[in-house]
Amino acid sequence: METRSRKRQRSGSIDQDTVDSNTIELESDHEDETAVRDEHYYKEDGDCVILVGKVLFKIHSFLLKRDASTFEDMFNMPQGTAKDNKMNTDENPLIVYDDVDDFRALCWIIPTVYTDQQSLSKANIKNLVSLFIIAQKYHFESHESFSRNLLRKHCASLESKPTSKFNYFRKVPESRLQTLLRIAVLTEKSYELDKEDSLTSLLQSIWIKRLEDKNDLIRSALTVGEDLGLRKFVAELYYLELTRTKPLSLDDHSLAYAHPVVDLGVTQKLALFQGSWSLRCYWSKMVSSFRAKPFACVKNKDHQCGDVWDDSWAEYISRASNPEPFDPLEGLSKINDIIVDAGERDKEGRAYDCAMQAIDTMKTGLKDSFAEHFLGPLPKLDTRIKSST
Ligand SMILES: [Zn+2]
């Protein structure tokens, strides 16, 4: 523990590489533990010493009290007898429990004027995350909202990029992603959460992409998704698990298959199987009834969407005879590709817009229904189901 925090403080500081040589012994129960003065943010002229992990910071308390932060309350608390309790020496610091790098990020930003977005935009993604987490914790209002907004923009810019470009989000421990998602949900307004460009939504899709890319277990994401009541996220995680799971043949002579053991609880496995069953029902219905077209096309010589619709589904079904992972969303994408191909090969330049539009609508509808497949209808629908059985 101790070596780890030393290491981190060596390599993880905001803008220095060297280590402070000022180490002093602290009187504590752990005699072997020494606190180190932070090289950058131990200001001799500061009036407040703060111990974070094994690192001492000395800063101006007026900086900490700005921006409606909770430090204001902390410093203004009646101190009783404690004229000596001034928290201004290394031996008598204010002790807080934070990540050291997070606290450095705070020290870095507080001397700036709150509205100075210029300096914030110089922060790299790691520092921005630190700042957002700690600004939220201590309620630095404007630093929190500025860092959230920059973080949101950064995440949005990753949307169109391949996962390999996610450097920070690919490597960061999942516990950090959990914290970020929790704080995003806490700080964004409830009507914003489901919007595609909210930090909450963007973090979810980044996490899903990371899981697809690294083939990690979904459990950690699932836990936080369930805690926060993020139905859509939870359902997407189940869908990912479903479509990437390869069936296990029981043995050479058996016609039956087992589901591989995944790191899920009993209720979670039940949700996975419920969704799997429901989606298989949906897909077999789609495949058997594709001739009932979900669109009306003005059939003329330039617009023959009905024909291409039938042909594309038939082609997909004939191709899909090879075993492949069950993935209805991917199935719809393949049908879409067949339609696009047909359009490109069409020498008479016919358009198949209605068919393509219909596939698009089906894909969106399918994605939106994941939660119902895996988790059942929203509670308000329960009574209707009960009374109909
Ligand atoms: Zn048409």
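This is a predicted model: local features need pLDDT of at least 70, side-chain atom pairs count only at pLDDT 80 or more; totals for chains, interfaces and linings use all residues.
User: What does the protein hold in helices and strands?

Analyst: There are 17 helices and seven strands.

User: How do you know how confident the predictor is?

Analyst: From pLDDT, the predictor's confidence in each residue, on a scale from 0 to 100. The protein averages 83, and 83% of the residues score at least 70. Among the elements, helix 1 (residues 2–11) has the lowest mean pLDDT, 39, while helix 9 (residues 174–187) has the highest, 96.

User: Which residues have pLDDT under 50?

Analyst: Residues 1–31 stay under 50, and the model has 38 contacts for them beyond four places in sequence. A contact here is two residues whose C-beta atoms, placed from the backbone, lie within 7 Å.

User: Why is Q304 called buried?

Analyst: The rule goes by other C-beta atoms within 10 Å of a residue's own, with C-beta atoms placed from the backbone: 20 or more is buried, 12 or fewer is exposed, and in between is partly exposed. Q304 has 20 C-beta neighbours inside 10 Å, so it counts as buried. It sits in the loop between helix 13 (266–288) and helix 14 (305–319). Q304 and A351 are 47 residues apart in sequence, yet their C-alpha atoms are 7.2 Å apart.

User: And what makes H139 and N215 worth a look?

Analyst: Each has a positive phi near 60° without being glycine. H139 is in the loop between helix 6 (125–137) and helix 7 (141–158). With 15 other C-beta atoms within 10 Å, H139 lands in the in-between class, so it's partly exposed. N215 is in the loop between helix 10 (199–214) and helix 11 (219–227). N215 has 8 such atoms within 10 Å, so it is exposed.

User: Why is strand 4 described as largely enclosed?

Analyst: Five of the five residues of strand 4 (residues 55–59) pass the buried cut-off, so the rest of the structure largely encloses it. V55, F57 and I59 point one way, L56 and K58 the other, and all are buried.

User: How do you know which strands pair with strand 4?

Analyst: Two strands pair if DSSP finds at least two bridges between them. Strand 2 (residues 34–42) runs parallel to strand 4 and has three bridges to it, with R37 partnered by L56. Strand 3 (residues 48–52) is antiparallel to strand 4 over five bridges, and there I50 is partnered by F57. The hairpin of strand 3 and strand 4 has two residues between the strands, and G53 takes a positive phi near 60° there.

User: What makes strand 3 count as mostly covered?

Analyst: Five of its five residues are buried. C48, I50 and V52 are on one side, V49 and L51 on the other. Strand 3 also pairs in the parallel sense with strand 5 (94–96), over three bridges; in strand 5, the partner of I50 is L94.

User: How do helix 6 and helix 7 pack?

Analyst: They pack at about 140°, with axes 9 Å apart. Axes are lines fitted to C-alpha atoms, for helices over the stretch in contact, and angles run from 0 to 180 degrees between N-to-C directions. Residues meeting there include L128 and F132 from helix 6 and L150 and L151 from helix 7.

Terms used: Residues are numbered from 1 along each chain as its sequence is written. Helices (H or I, at least four residues) and strands (E, at least two) are DSSP runs, numbered from the N terminus.
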